Amino acid sequence: MNQFNTTLTAIPGIRVGHVTDLDAATGCTVIVCPEGTVGGVDQRGGAPGTRETDLLRPMHSVQHVNAIVLAGGSAYGLAAADGVMRALEEKQIGYKTATGFLVPIVASAIVFDLALGSSTIRPDAAMGYQAVQNATTDPVEQGSVGAGTGCRIGAIFGNALATKGGVGSALMQLPGGLIVAALAVVNAVGDVINKDGSILAGLRSPEGGFMGLLNVMSGMPTPPQTGGENTVIGVVATNARLSKELTNKIAQMAHDGLARAINPAHTMFDGDTIFALATGELEADVNLIGAFAAEVFADAIRNAVRAAASLHDVKSLHE
């Protein structure tokens with residue numbers, strides 16, 4: 001592992017590529033997996049936008065995944081996966097069927113970013129294709145890039161009181177060469193919470209500081225029906241050797257980190273979805289990996305907020 005890389009790409013073989021459209025405030029992020037990577041998924045939000053998640057679950061025949069696509073654009077952004085499939089097919093990467101056909105296994109999840117920038121420009125196949133070309137083992141660029149470009153936090157009263165979200169990544173190096181890492185795209189309706197329990201980012205007060213979404217919700221029997229199109233999506237990954245069932249368990253345990261760093265989480269406004277990847281280098285205990293998957297996913301969420309820059313009329317944490 002590159003000691004200077006503390007992001008997802010420190011796991012050998014994993015590459016990450018962004019495509020960013022700052023004017024339209026949208027983009028996509030692709031995670032390209034090394035050969036033989038086992039995939040899993042756990043989806044908990046009430047408003048998901050996903051593609052090819054069922055095949056990652058236990059009791060389905062496909063064991064390995066070639067890429068994960070995270071995109072803006074709401075459900076329109078799922079089209080970015082078409083371009084990722086085309087790019088991987090050109091590189092002869094994919095599942096080989098019994099009759100000799102090549103089918104790249106590409107799962108995807110999206111966030112709603114149509115309320116920032118242009119709502120008519122969304123991630124498409126061309127953007128997904130370019131994201132594969134941009135994929136690199138360099139440290140993951142964080143902040144208002146890729147799928148995090150148009151992300152907002154606490155936007156129930158509109159952009160003026162929201163805080164800018166984005167892409168974040170984090171990593172934990174464990175004894176024996178074991179690595180657990182995460183990449184999160186943070187577009188939450190809930191507040192982002194520091195490790196000490198204080199609010200790091202969220203719904204702003206007009207007087208300064210943060211209102212605390214739970215405080216606002218407690219005085220509103222019926223929440224606003226605008227500004228609630230939210231989600232946190234992402235990936236946890238390890239260089240451990242895990243079965244498909246245990247890789248799904250890692251995705252499940254990683255949601256504990258989401259709930260530590262976002263309050264409230266998994267609401268009916270959210271499409272919270274976490275993918276898990278196991279590249280198969282080392283034997284390791286699933287309990288250890290799952291526990292640290294939660295830790296690094298929470299750290300990735302906080303890093304996304306700290307790295308985000310103001311865009312259009314949504315201010316970053318630093319303003």
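Is Cys28 buried or exposed in this structure? At 1% relative accessibility, Cys28 counts as buried. Keep in mind as you look around that this is a predicted model.

**The cysteines**
- The count of disulfides in this model comes to zero.
- Cys28 takes part in no disulfide, and the nearest cysteine sulfur, which belongs to Cys151, is 13 Å away.
- A disulfide needs two cysteine sulfur atoms within 2.5 Å.
- Cys151 counts as buried because its relative accessibility is 0%, and the cut-off for buried is under 20%.

**Helix 4**
- Find residues 244-261 and you have helix 4, which is made of 18 residues.
- From first C-alpha to last, helix 4 reaches 27 Å, close to the expected 26 Å.
- The buried residues of helix 4 include Lys244, Asn248, Ile250, Met253, His255 and Leu258.

**The largest pocket**
- The largest pocket holds about 280 Å³ of space.
- It is lined by 15 residues, and those closest to its centre are Glu35, Gly36, Asn66, Gly94 and Tyr95.
- By type, the lining of the largest pocket divides into seven nonpolar, six polar and two charged residues.

**Val189, a residue in a loop**
- Look for Val189 in the loop between strand 12 (179-187) and strand 13.
- Val189 counts as buried because its relative accessibility is 2%.
- Setting aside neighbours within four places in sequence, Val189 is in contact with Gly154, Ile156, Leu213, Asn230, Thr267, Phe269 and Asp270.
- Val189 and Gly212 are 23 residues apart in sequence, and their C-alpha atoms are 11 Å apart in space.

- With 18% relative accessibility, Asp299 counts as buried, since the limit is under 20%.
- Not counting residues up to four places away in sequence, Asp299 touches Ala170 and Lys195.

Terms used
Residues numbered from 1 in each chain as written. Predicted model: local features only at pLDDT ≥ 70, side-chain atom pairs only at ≥ 80, totals over all residues. Heavy atoms only, no water. Helix = DSSP H or I, 4+ residues; strand = E, 2+ residues; numbered from the N terminus. Expected span 1.5 Å × (residues − 1). Buried < 20%, exposed > 50% of the residue type's maximum accessible area, 1.4 Å probe, protein only. 1 Å grid on protein atoms, 1.4 Å probe; cavity = no way out; pocket = protein on both sides within 12 Å on 5 of 7 lines; lining within 4 Å. Points joined across faces, edges and corners; volume = space filled by probe spheres on them. Nonpolar A, V, L, I, M, F, W, Y, C, P; charged D, E, K, R; others polar. Contact = heavy atoms within 4.5 Å.
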